[in-house]
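Please read them with the structure open.

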Amino acid sequence: MQDASTLLPLKNPPPRAALNATQKQAVEGALASLRDTPGALLPILHAIQDVLGYIPEPAVPAIAHALNRSRAEVHGVLSFYHWFRTTPPGRHVIHLCRAEACQAMGARALEAHAKQKLGVDFHGTTADGAFTLEPVYCLGNCACSPSLMIDGEVHGRVDAERFDALLVETQEVQR
Amino acid sequence: MSTTVYVSRDASALAMGAERVARAIADEARRTGADVRLVRNGSRGMFWLEPLVEVVTPAGRVAYGPVQPRDIAGLFSAGFLQGGAHALRLGAVEEIPYFAKQERLTFARVGLTDPLSLEDYRAHGGLRGLTRALELAPADIVKLVTDSGLRGRGGAAFPAGIKWKTALEASVQPSALSPQPSKYIVCNADEGDSGTFSDRMLMEGDPYVLIEGMIIAGLAVGATRGYIYLRCEYPHAHRALETAIAIAYGNHILGGDVLGSGQRFDLEVRLGAGAYICGEETSLLDSLEGKRGQVRVKPPLPAVKGLFGQPTIINNVITLASVPIILDQGAEFYRNFGLGRSRGTLPLQLAGNIKYGGLVEKAFGLTLRELLYDYGGGAASGRPIRAVQVGGPLGAYLPESQFDTPIDYEAFAANRGMLGHGGIVAFDDTVDMAEQARFAMEFCAIESCGKCTPCRIGSTRGVEVIDRIVANQARAQSETLLRDLCETMLHGSLCALGGLTPYPVLSALEHFAEDFHKPSPPSLAMGERVG
């Protein structure tokens, strides 16, 4: 006789965590101000991510309900776009350009250096929670390659040495 | 009397340290008691000179660059506020050959004016095109644009006038979304091609010209609402547009009474979310509607059935921003630039491994070689330029033997390449073209919307096949397979992403075959150590 719990479907999702108070406020705020705009889903997702840094998974049913769309649809949109994330980022997000103009100026070497220096692969966050490394395909700074963006500020002509200096500067600004 | 000093707020100038330079100037002015008025302009587009500082003197604007914060004290003591001599003094920007040789129509004001000052905008010819458009019948505006020969600057080069005429003649459909459905003007500001930054520069450096162009488009086809679909990787352009739109509303340029005409035009910025495919017009429309950015099957054309099912003009930033000058100066004026079927000017962008990278707005017809060497000064590394990719990640890699191709849509198409959005990325002789070909496939795999099989699956298989070729596994068969795969993608894909990815791959294979045929490294004996 098997235990009842083992009869559950293997991929049964874990019980949904509820949104905490901050998250709830961010999600409800975004929904209240944007739900009636045409094509509201992307603006809503941006608004939530702007406040929280990511879109917590329990926000999906709330958004779906407000827009009268299925959870699958909302999840489909959320997972389609590279910019949106469903896990908290580190305190600083580094967007490292991988595109051709940067490649022509040594972006591949810079990418290898960044990963080694931070000890993470793309989409990873350093163990101390300081930096998240994300790939990006062009920052429009192609005449000053290689480029990266830290917390919304673009930096040009970044080599390994400059990269290390930027990490230090970023953490100093924070303190 | 205060002295006006310009320091750019363009994202690339900031990336080179313009913010710290501006702050240092303000600090030094305070310290020395100098009366300085700092204006944060767009960039003149000569990025090797950024951060560029321009001082207004009785004899005109005098430029200094590239300036770093440590230079500021020295500049003040050299009397740079009076245009004094200094090692970084460049003289008038207009006399620097790189700039002097250009034909700046669309970019006439970028770097010259305060991007957010309406006064500056009007003083430099702004709003004259819109004023003219308000006197014309919609069909006459469309005719002017058609006669100017303006073609879509986003990459596809479709004649703007024909698109506009289709939208003008299409009728609004009844809609469940709105009691008063409208046609739409959508600006494609999802400038995702590597090596391109003209849209960004224009939005940051002269946002009103884009707003003006969109209002004119609205008048031309009877649309009262516009959206700028901006990529989220451009936070500086986002801030510039939001501020400019708010000011335009406050001054009756946007809203219910455009320049006192009683005509309405509303405009909003919408942010993309890091999907390259949303630069494709129908994906962009789906994204604006709040969906996954998946390509639509055409027909129906967006001009007939576009955003929310309504007739929609969707044009690139540069296309729309070129409209005001056409209305102001006439179709003939614009047409007189360029050659063949490529009329007007194209803002070209020199990028990658190039000594003098930046923006070069020129009439069509100059050659790639002139751009790379006369303007670009060769590779930044000082080594020979080996390959050039024109037109973004879907553009062909051109070898030196094709550098005499004129900048002209048809000439590039004849070479199985494309001019696209005018981005030119140079590579020196250290480039591994097999790696570049592999990246083209990899990028397509990452960015495919997944709707059609040749693109979704073909790109992944493409990466694998290139890996096999480079690893010398069944080389002949693998190469045949790769060419076959490229043919399938070329003809079987729904849009340009899958359909053009073969261009960089095949051109690399064609012109740089030796990079795919590297001798395999000598196998190491057991226990032998490397390095």
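The points below go from the overall layout to single residues.

1. **Ground rules.** This is a predicted model: local features need pLDDT of at least 70, side-chain atom pairs count only at pLDDT 80 or more, and totals for chains, interfaces and linings use all residues. Residues are numbered from 1 along each chain as its sequence is written, with chains lettered from A and ligands numbered from 1 in the order in which they are written.

2. **Chain A, make-up.** Chain A has seven helices and four strands. Helices here are DSSP runs of H or I with at least four residues, strands are runs of E with at least two, and both are numbered from the N terminus. Along the sequence the order in chain A is α-α-α-α-β-α-α-β-β-β-α. Of the 175 residues in chain A, 36% are buried. Buried means that 20 or more other C-beta atoms lie within 10 Å of the residue's own; exposed means 12 or fewer, partly exposed is in between, and C-beta atoms are placed from the backbone.

3. Chain A is assigned domain 1 (4-80) and domain 2 (92-174). Such bounds come from an automatic or database domain assignment. The C-alpha centres of these two domains of chain A are 30 Å apart. Take the contacts in chain A between residues at least 6 apart in sequence: 59% of them join residues at least 24 apart. A contact means C-beta atoms, placed from the backbone, within 7 Å.

4. **Chain B, domains.** Four domains are assigned in chain B: domain 1 (3-97), domain 2 (118-335), domain 3 (338-428) and domain 4 (433-516). Between domain 1 of chain B and domain 2 of chain B, the C-alpha centres are 34 Å apart. Eight residues from domain 1 of chain B and seven residues from domain 2 of chain B form the contact. On the domain 1 side, the classes are one nonpolar, five polar and two charged residues. For these classes, Ala, Val, Leu, Ile, Met, Phe, Trp, Tyr, Cys and Pro are nonpolar, Asp, Glu, Lys and Arg are charged, and the others, Gly among them, are polar.

5. **The A-B interface.** Which residues build it? Chain A brings 34 residues and chain B brings 46 residues to the contact. On the chain A side, helix H2 (41-52), helix H4 (71-80), helix H5 (100-103) and strand E4 (153-155) each supply at least two residues. H2(A) gives the most, with four residues. By class, this side of chain A has 22 nonpolar, eleven polar and one charged residues.

6. **H7 and H8 of chain B.** The axes of helix H7 (residues 138-148) of chain B and helix H8 (residues 160-169) of chain B come within 7 Å and cross at roughly 160°. Axes are lines fitted to C-alpha atoms, for helices over the stretch in contact, and angles run from 0 to 180 degrees between N-to-C directions. H7(B) and H8(B) are therefore roughly antiparallel, a label for angles over 145 degrees; under 35 is roughly parallel, 65 to 115 roughly perpendicular, and the rest oblique. Their crossing is left-handed: the near helix is turned anticlockwise from the far one by less than a right angle, whereas clockwise would be right-handed. Residues in the contact include Val142(B) and Val145(B) of H7(B), and Trp164(B) and Leu168(B) of H8(B). The classes in this contact are eight nonpolar, two polar and one charged residues.

7. **H9 and H11 of chain B.** Helix H9 (residues 198-205) and helix H11 (residues 235-250) of chain B pack at about 35°, with axes 8 Å apart. The crossing of H9(B) and H11(B) is also left-handed. Arg200(B), Met203(B) and Glu204(B) of H9(B) meet His236(B), Ala237(B), Ala240(B) and Leu241(B) of H11(B).

8. **Cis peptide bonds.** Please check two. Gly65(B) to Pro66(B) is cis, with omega near -10°. Pro66(B) sits in the loop between strand E4 (60-64) and H3 of chain B. Lys298(B) to Pro299(B) is cis as well, with omega about -5°. Pro299(B) is in the loop between helix H12 (281-288) and strand E9 (312-316) of chain B.

9. **Positive phi.** Asn68(A), not a glycine, has a positive phi of about 55°. Asn68(A) lies in the loop between helix H3 (59-67) and H4 of chain A. Asn68(A) counts as exposed because it has 7 C-beta neighbours inside 10 Å. Ala474(B) has phi near 45°, again positive and not in a glycine. The loop between helix H18 (453-470) and helix H19 (475-492) of chain B holds Ala474(B).

Definitions and conventions
Contact = placed C-beta atoms within 7 Å.
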